[in-house]
Amino acid sequence: MRTYFSRAAFFEGARDSVPMLIGVTPFGIVCGVGAVAAGASTLAALAMSMIMFSGAAQIVATQLLVAGAPFAVVVLSCLVVSLRLLMYSAAMAPYLRPLDHRWRSLLAFVLTDQAFAGTLQRFRDSDDVRANASYFLGGGAMLWMIWQVATLVGVLAGQLIPTSWHLEFVVPLCFIAVLVPLLHDRVSVLVFAVSATAVIALDAMPLRLSMICGGLLGIAAGVIGEKIMPPNE
Amino acid sequence: MSRELTIWLLVFVVGVITYTTRVSFIALFARRSMPPLLAKALKHVPAAMLTAIVIPAVAFSAPGVLQLPPSNTKLVAALVAAGVAWWRQNTMLTMAVGMAALWLLQYLVG
């Protein structure tokens, strides 16, 4: 286990995750509020955040429970909103390949939207597997801990935060900050345009399937675009 | 089944699902190599998925209701934030300016 651990990179990852931590905090609070609304005890609400560790799945699960959906429907919906994690897993796979089984299993547990968005660039830029793995673990561990704290705040004091503050808006803002710098060539702009159009056009799909379908269409456009457009910049 | 028991069951069933999706391809491609087409497609995952997450969060005022500027204050604030992200590539600054823009617009629109 220690062979891949770099203390310096771990703390660097933890420090660099601070903007992401601020980004997930309101989301975690919303998850805590949602769990209470669905009838969860404080312990069960925390268990959701500790074990599911997925804001999208937790929100969907609690909303469907409140709506009185059958158990199987709740599970299926959580599966659908988790499908994007398959793509993150595939995108991370080549970089985690040199690690041992235990490191891969551990890093997979902290693979979230934010950890993926925040660290993929580093994996692309650097070949130092040991430092990259520790960097990812540092950020992932911070995200996991903050997720629990935010959930607890939501369970205990969520009602005190006025909805007019729209704190949940930091979630898309945080992703915008990562997305915009990615759009520096024509193919990436094409991916953006196709994903954006598709996700709006397909919004009527059930179970928020529009998100995964929009993303897949954007990826397909990127693959085709790279073939037919000459590389520039 | 009591609600509390249902939730505990969900925690473990969905916990297995989220972990399985996370570990899936990491485990699958630990020992074998990735098909070249898949490797090419994966390059576009960040831009495609971040777009698919962000756009619905800023373009819809309610589920299924597409709302355009200037009445959609979230979309205007998101565009301001995108400008800051392009200019400075600083996540904290982007979030701060985006939130400030949203609050200001909501104050102005009333």
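**Two chains, one at a time and together**

Visitor: What radius of gyration does chain A have, and what would a compact globule with 233 residues have?

Guide: Chain A has 19 Å, while a compact globule with 233 residues would have a radius of gyration near 17 Å, so the value for chain A agrees. Keep in mind that this is a predicted model.

Visitor: And how far does the C-alpha trace of chain A span along its principal axes?

Guide: The trace of chain A spans about 55 × 50 × 35 Å.

Visitor: How much of chain A counts as buried?

Guide: Of its 233 residues, 53% count as buried. As for contacts in chain A with a separation of 6 or more, 75% of them are between residues 24 or more positions apart.

Visitor: Which domains is chain A divided into?

Guide: The assignment gives domain 1 (2–165) and domain 2 (183–228). Their centres, taken over C-alpha atoms, are separated by 24 Å. Where these domains of chain A touch, five residues come from domain 1 and six residues from domain 2.

Visitor: Which helices supply the domain 1 side of that contact in chain A?

Guide: Helix 5 (71–81) and helix 6 (83–96) of chain A each supply at least two residues to that side. Helix 5 of chain A gives the largest share, three residues. By type, the domain 1 side divides into three nonpolar, one polar and one charged.

Visitor: Switching to chain B. What's in it, in helices and strands?

Guide: Chain B has five helices and two strands. From the N terminus on, the elements run α-α-α-β-β-α-α.

Visitor: Is chain B compact or spread out, going by its radius of gyration?

Guide: Spread out: its radius of gyration is 20 Å, well over the 13 Å that the globule rule gives for 110 residues, so chain B is more spread out than a compact globule. Its C-alpha trace spans about 55 × 50 × 25 Å along the principal axes.

Visitor: What are the domains of chain B?

Guide: Domain 1 covers 1–43 and domain 2 covers 44–110. The C-alpha centres of these two domains of chain B lie 30 Å apart. In chain B, residues 24 or more positions apart make up 26% of the contacts with a separation of 6 or more, and 42% of the 110 residues count as buried.

Visitor: Okay, now the two chains together. How many residues does each chain bring to the contact?

Guide: Chain A brings 75 residues and chain B brings 60 residues. On the side of chain A that touches chain B, helix 10 of chain A has the largest share, 13 residues. That side of chain A divides into 56 nonpolar, 14 polar and five charged.

Visitor: Which residues have the most contacts inside the largest nonpolar core?

Guide: Ile176(A), Leu179(A) and Ala81(B), in a core of 119 residues. Helix 10 (residues 170–182) of chain A supplies the largest share of this core, 11 residues.

Visitor: What is Leu179(A) in contact with, leaving aside its neighbours within four places in sequence?

Guide: Residues of chain B: Ala47(B), Leu50(B), Thr51(B) and Val54(B).

Visitor: I was looking at Phe53(A). Where does Phe53(A) lie?

Guide: Phe53(A) is in the loop between helix 3 (42–52) and helix 4 (55–66) of chain A. Its phi is near 50 degrees, a positive value in a residue other than glycine.

Visitor: How about His166(A): what's its phi?

Guide: Phi of His166(A) is near 50 degrees, again positive in a residue other than glycine. His166(A) sits in the loop between helix 9 (129–157) and helix 10 of chain A. With 16 other C-beta atoms within 10 Å, His166(A) is partly exposed.

Visitor: Last one: where is Lys43(B)?

Guide: Lys43(B) is in the loop between helix 2 (36–42) and helix 3 (45–59) of chain B. Lys43(B) is partly exposed, because it has 18 other C-beta atoms within 10 Å. From Lys43(B) to Ala81(B) it's 38 residues in sequence and 25 Å in space, C-alpha to C-alpha.

Key. Residues numbered from 1 in each chain as written. Chains lettered and ligands numbered in written order. Predicted model: local features only at pLDDT ≥ 70, side-chain atom pairs only at ≥ 80, totals over all residues. Core = buried A, V, L, I, M, F, W, Y, C linked by C-beta atoms within 7 Å. Buried ≥ 20, exposed ≤ 12 C-beta atoms within 10 Å, placed from the backbone. Helix = DSSP H or I, 4+ residues; strand = E, 2+ residues; numbered from the N terminus. Contact = placed C-beta atoms within 7 Å. Domains from an automatic or database assignment. Rg over C-alpha atoms; globule rule 2.2 N^0.38 Å. Nonpolar A, V, L, I, M, F, W, Y, C, P; charged D, E, K, R; others polar.
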